[in-house]
Amino acid sequence: MSFSKLLSLLLLVNFIFIYQSHSSPDNNVTKAQSHIKPKKVHLSLYYESLCPYCRSFIVSQLVKVFNTDLLNIINLRLVPWGNAQYVKPNKTIICQHGEDECYLNTIHACAISIWPDPRKHFNFIYCIENQGLPIKDNQHSDGMEAVWKACSARSGMDQKLIKDCYDSGYGRKLLLQYATETDHLYPKHLYVPWVTVNNQPLYDKYEDFITYVCNAYKDKDLVRACLSNSLKVTEEKFSRSPVCYVEIRSQIQQRLHCCSGGT
């Protein structure tokens with residue numbers, strides 16, 4: 001092949017390459033877009049530490065988030081206020097299950113603040129809720145402190161940070177922030193566990209939260225937890241999950257003397 005023919009062939013190849021690289025911008029955009037991950041689903045749990053149904057949900061159901069790849073597609077928030085009420089005249093927090101619940105709610109709030117990674121604080125909260133703690137309405141028992149300290153040691157969390165958060169009053173401030181958030185939910189919460197997916201309540205279908213999360217995620221075919229889960233929400237009359245209902249103000253006021261000066 002002569003030099004002139006070789007030069008012409010090289011020029012032709014170069015022209016084809018340049019033409020192809022500039023003639024398909026849509027393809028390049030499509031490829032770029034294909035690498036954009038869908039937005040994560042917002043999953044929130046509004047709960048109180050000693051409601052037996054909240055405890056059961058955390059230990060038996062919500063833990064599935066961490067046992068599967070579901071955590072990759074959600075932003076999980078735990079809000080430990082539940083059905084508690086703030087009585088303004090004497091600035092008292094009254095919890096549905098007594099002073100122990102106020103105490104543990106505050107401990108939960110401190111852990112969430114100190115270790116915002118859900119893997120970290122959920123492990124600690126799971127440990128506490130898995131103890132099957134007795135409910136004592138009229139007193140704050142020392143046993144609650146022993147439980148969370150044992151769980152912090154088991155989870156590798158600094159007990160001093162949690163204790164300082166509680167003793168300084170910062171935990172109380174965190175709790176009141178959660179109170180404001182819970183009180184401003186729309187629609188208003190009626191009971192706990194109160195589970196929302198992208199701010200929409202699941203009501204008494206909260207145990208089907210994986211189904212709702214998967215249905216809200218655009219690329220659920222890529223999530224193993226979604227592939228293995230039935231994506232049809234059951235509607236049977238008797239499939240409602242148990243809850244702790246919000247108490248009316250008069251019921252809360254009857255126990256005011258039990259919690260004066262509470263957390």
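Hi everyone, let me start with one cysteine: Cys51 has a relative accessibility of 0%, so Cys51 counts as buried. Buried here means under 20% relative accessible area, exposed means over 50%, and partly exposed is in between, with a 1.4 Å probe and protein chains only.

Before I go on, a word on the model. It is a predicted one, so local features need pLDDT of at least 70 and side-chain atom pairs count only at pLDDT 80 or more, while totals for chains, interfaces and linings use all residues. Residues are numbered from 1 along each chain as its sequence is written, and side-chain values use heavy atoms, with hydrogens and water left out.

Back to Cys51. Which cysteine does Cys51 join in a disulfide? The partner is Cys244, at an S to S distance of 2.3 Å. I call a pair of cysteine sulfur atoms a disulfide when they lie within 2.5 Å. Cys51 sits in the loop between strand 1 (41-47) and helix 3 (52-62) and Cys244 sits in strand 8 (residues 244-245), so this pair ties together parts that are 193 residues apart in sequence. Helices and strands are DSSP runs numbered from the N terminus: H or I with at least four residues for helices, E with at least two for strands. The torsion about the S-S bond of Cys51 and Cys244 is about 95°, so this disulfide is right-handed. Cys244 is buried too, because its relative accessibility is 8%.

How many disulfides are there by this rule? The count is five. Counting bonded cysteines along the chain, the pattern reads 1-10, 2-3, 4-7, 5-6, 8-9. One cysteine stays out of this: Cys54 is in no disulfide, and the nearest cysteine sulfur, that of Cys51, is 3.6 Å away. Cys54 is buried, with a relative accessible area of 1%.

Let me show you two of the other links. Cys95 and Cys102 form a disulfide with their sulfur atoms 2.2 Å apart. The link of Cys95 and Cys102 is right-handed, with 115° about the S-S bond, and both of these cysteines are buried.

Then there is Cys214, joined to Cys226 by a disulfide with an S to S distance of 2.0 Å. Is the link of Cys214 and Cys226 left-handed or right-handed? With -90° about the S-S bond, the link is left-handed. Cys214 lies in helix 10 (residues 209-216) and Cys226 in helix 11 (residues 224-227), so the pair ties together parts that are twelve residues apart in sequence. Cys214 is buried at a relative accessible area of 0%, and Cys226 counts as buried at 3%.

Now let's zoom out. The protein has 13 helices and eight strands, and 43% of its 263 residues count as buried. If we take contacts, meaning heavy atoms within 4.5 Å, between residues at least 6 apart in sequence, then 75% of them join residues at least 24 apart.

Asn105 is buried, with a relative accessible area of 0%. Leaving aside residues up to four places away in sequence, Asn105 touches Glu48, Ser49, Pro80, Trp81, Cys95 and Leu175. The C-alpha atoms of Asn105 and Trp81 are separated by 6.6 Å, although these residues are 24 apart along the chain.

Finally, the backbone, where a few spots deserve a look. Tyr186 and Pro187 are joined by a cis peptide bond, with omega about -5°, and Pro187 lies in the loop between helix 9 and strand 5 (191-192). Another cis peptide bond joins Val192 and Pro193, with omega about 0°. Pro193 lies in the loop between strand 5 and strand 6 (194-197).

Further along, Asn199 has a phi near 70°, a positive value in a residue other than glycine. Asn199 lies in the loop between strand 6 and strand 7 (200-201). Is Asn199 buried or exposed? At 57% relative accessibility, Asn199 counts as exposed. Tyr203 is not a glycine either, yet has a positive phi of about 55°. Tyr203 lies in the loop between strand 7 and helix 10, and at 37% relative accessibility Tyr203 counts as partly exposed.
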